[in-house]
Amino acid sequence: MLGVILSTILLTDTVATEKVQNLDEVVIVSEAGRGRKRSAKGQVASIDEHLSELKNVSLVRRGSYAWEPVVNNMQMERLSTTIDGMKIFYACTDKMDPVTSYVESGNLQSISLNSGLDGNPQATGNIGGSLDLKLRKAGFDNDPFHASASAGHEWNGHVQVYGADAALSGHRAYLNAGTFYRHANNYKVGGGDELQFSQFQKVNVFTNAGLRLAEKDMLEATFIFDRATDVGYPALNMDVAKAEGLITSLSYKHLFRNANWETKAYYNHITHEMDDTKRPDVQIHMDMPGKSWTSGVYSLLTTSHKQHDLALNYDLYYNRLFADMTMYPGGAAPMYMVTWPDVGTLNTGVAVTDNVSIGRNQSLRLSAKVAWQQQRLNNEEGYHALKVFFPGMTDAYHQTTGRIAANYQLSIVNCQFNLGAGWGSRAPTVTEAYGYYLNNTFDQYDYIGNPSLKNESAVELNGAVKWHPTERVNVALDGNVFLFSNYIIGQFETRLSPMTVGAEGVKVYGNISHATIANISLSWDWQITEQLRWNKKVSYSSGRDADGDALPLISPISWQSEWIYQYQRFQAQATIKGNARQSNYGEKYGETAAKAWTIVNLSAAYQFSIVNYQLSIRAGVENLFDKQYATYADWNHIPQKGRNIYMNLTFTL
């Protein structure tokens with residue numbers, strides 16, 4: 001949501017002031033955040049598992065690796081995902097490598113969510129929301145030396161997880177570095193059948209360093225290398241031979257008396273190579289590589305003056321996306337096609353945020369951003385191929401986008417009320433504007449981009465009520481509605497023939513006059529005794545197009561009930577969660593209904609000390625009763641894991 005629906009914003013052990021609480025929710029990843037909201041598996045949990053802890057987030061799953069985040073029932077086209085404020089763009093035309101797949105739990109401190117149009121300062125086009133992955137850094141003047149190692153195993157799929165990192169910290173400099181490795185075989189679905197092509201392996205290496213140039217001047221640098229290989233995607237026609245990311249940054253920080261100023265320059269390069277050589281009965285072998293290059297800079301000034309907390313941000317980035325395909329029909333000459341025509345995007349924008357305290361019990365948050373964008377098609381072959389369908393197109397386009405949002409908060413006795421509104425727009429993505437014969441296995445259609453698309457825009461209205469009848473009970477009701485204009489979605493084009501073998505037809509991206517997405521959730525937290533707590537959440541969502549037909553990939557009614565027992569250093573947790581049958585599904589858009597499901601998860605953790613060493617042991621079982629099920633967001637209804645027993649150990653010095 002746009003407003004301040006905050007589960008926690010503590011990113012380190014330092015207590016944040018109430019005036020700057022502007023995040024909707026944060027999930028803590030590293031051990032520095034123990035005791036706060038985090039995955040039951042701890043630090044060895046995957047990024048996807050940490051993301052699933054955020055209440056407004058669901059995940060589209062095409063395999064057991066690299067799930068696509070969805071916020072407020074909107075996919076990546078309507079989201080902004082950054083790593084420490086850095087813009088990064090995936091390199092796969094099938095969205096097999098979201099930005100979140102190029103980092104690891106061992107390198108993260110937290111994942112923060114701004115839901116809706118009130119995005120973080122570097123966010124652009126964030127109609128659904130924005131995610132920022134905060135890197136874990138040793139920082140200045142912390143523990144002189146810190147080291148940790150972790151190992152985990154999951155019996156279903158024989159998932160192996162190993163990680164190690166170390167950190168040095170002083171007044172003048174700090175350094176932390178580490179590595180993480182994951183390996184998984186095919187997993188078994190409920191009932192015991194093995195799901196082919198669900199394996200993967202990856203390695204992640206990272207380092208962060210800081211140098212104090214003067215008492216109030218600092219330099220910080222980041223380097224991340226991430227490489228995944230032999231990644232299976234059972235919901236798709238192809239797997240991935242290699243997905244590789246190189247992420248670097250250098251930032252300068254200056255501390256004023258009542259202000260902080262940070263300027264960061266960054267560069268990242270993503271390479272993605274699809275692979276069908278291990279699939280049986282491939283009719284036409286294809287090579288489908290994709291590449292993404294992004295360089296950028298942002299400068300963020302934050303300051304406080306009387307009742308105002310102000311933030312002013314300028315950012316600029318340049319991104320290039322290129323993808324092509326070579327088909328090898330048996331006995332015939334290879335066929336070559338450019339699917340992303342080397343599109344260069346230059347984007348620059350200015351954002352401002354003001355958190356205003358109005359007396360003791362009222363606050364107002366205002367935010368706005370305006371951005372200008374130029375896109376140029378640098379590949380002649382791809383440009384001329386598209387021009388066959390759009391004779392009037394040019395090789396360069398300009399767009400201006402923006403957003404503005406306001407949220408009012410009122411606290412009365414044991415209640416808190418939030419009311420917010422906003423407007424925002426986004427430019428079409430490279431796929432939507434310039435994609436060329438991209439096959440979508442969700443509806444079995446080939447998709448073609450449309451360079452004449454209008455910018456999509458939306459009005460968001462949101463509200464929330466929090467009630468604290470006693471110190472032990474918290475109840476929250478919150479909801480939002482997004483009213484779209486010029487909604488972008490694929491539309492049938494019967495005059496064109498598909499190119500992919502087995503495709504049902506061709507769709508071209510177009511604007512429909514309007515669409516609506518609405519979400520509402522009810523949650524409560526009851527501290528039954530000193531040791532026992534009960535959390536419950538129920539959510540409902542709806543999405544409709546201009547004809548009143550259901551939009552695809554909108555969550556049915558979902559619920560989760562969680563019991564947590566905590567006694568000293570021991571914690572046990574039982575979770576029951578599920579979805580109702582998907583009665584409103586996008587049949588018009590090729591979606592089929594997902595069945596209702598309910599599963600039970602159990603976990604336990606214990607922490608203890610030996611001299612100066614800290615040990616943490618976690619164990620649990622997911623899908624206790626070995627149910628075979630698939631969620632509405634499981635691509636082509638590929639089944640989730642059956643019963644999965646796991647155990648992991650973390651050692652800290």
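**View A. Ile 520 sits opposite Tyr 540 in S26.** This is a predicted model, so local features need pLDDT of at least 70 and side-chain atom pairs count only at pLDDT 80 or more, while totals for chains, interfaces and linings use all residues. Residues are numbered from 1 along each chain as its sequence is written, and side-chain values use heavy atoms, with hydrogens and water left out. S25 and S26 run antiparallel, joined by 12 bridges, and a hairpin of four residues takes the chain from S25 into S26. On to S27 (residues 558-567): S26 is antiparallel to this strand too, through eight bridges, with Val 538 opposite Trp 559. Strands are DSSP runs of E, at least two residues, and helices are runs of H or I, at least four, numbered from the N terminus; two strands pair if DSSP finds at least two bridges between them.

View B. S25 (505-527) and S26 (532-544) each contribute at least two residues.

**View C. Lys 41 and Glu 622 make a salt bridge, with closest N and O atoms 3.4 Å apart.** Lys 41 is in the loop between S1 and helix H1 (47-51) and Glu 622 is in S30 (residues 613-622), so the pair ties together parts 581 residues apart in sequence. Lys 41 is buried at 5% relative accessibility, whereas Glu 622 is partly exposed at 24%. Zoom out a bit and there's a salt-bridge network linking Lys 41, Glu 49, Glu 154, Glu 622 and Lys 641. The structure holds 36 salt bridges, each a Lys or Arg side-chain nitrogen within 4 Å of an Asp or Glu carboxyl oxygen. Buried means under 20% relative accessible area, exposed over 50%, partly exposed in between.

**View D. Lys 507 meets Asp 443 in a salt bridge, at 2.9 Å from N to O.** Lys 507 is in S25 and Asp 443 in the loop between S21 (438-440) and S22 (445-448), so the pair ties together parts 64 residues apart in sequence. Both Lys 507 and Asp 443 are buried.

**View E. Lys 95 and Glu 77 form a salt bridge, their closest N and O atoms being 3.0 Å apart.** Lys 95 is in the loop between S5 and S6 and Glu 77 in the loop between S3 (68-71) and S4, 18 residues apart. Lys 95 is buried, at 10% relative accessibility.

**View F. Five strands form an open, mixed sheet in the order S1-S6-S7-S4-S5.** S1 (25-28) and S5 (86-87) are at the edges with a single partner strand each, so one side of each has no neighbour in the sheet. S4 (residues 79-83) pairs antiparallel with S5 over two bridges, and Ile 83 has Met 86 of S5 as its bridge partner. Over in S6 (residues 108-115) you'll find Asn 114, buried at 4%.

Definitions and conventions
Buried means under 20% relative accessible area, exposed over 50%, partly exposed in between (1.4 Å probe, protein chains only).
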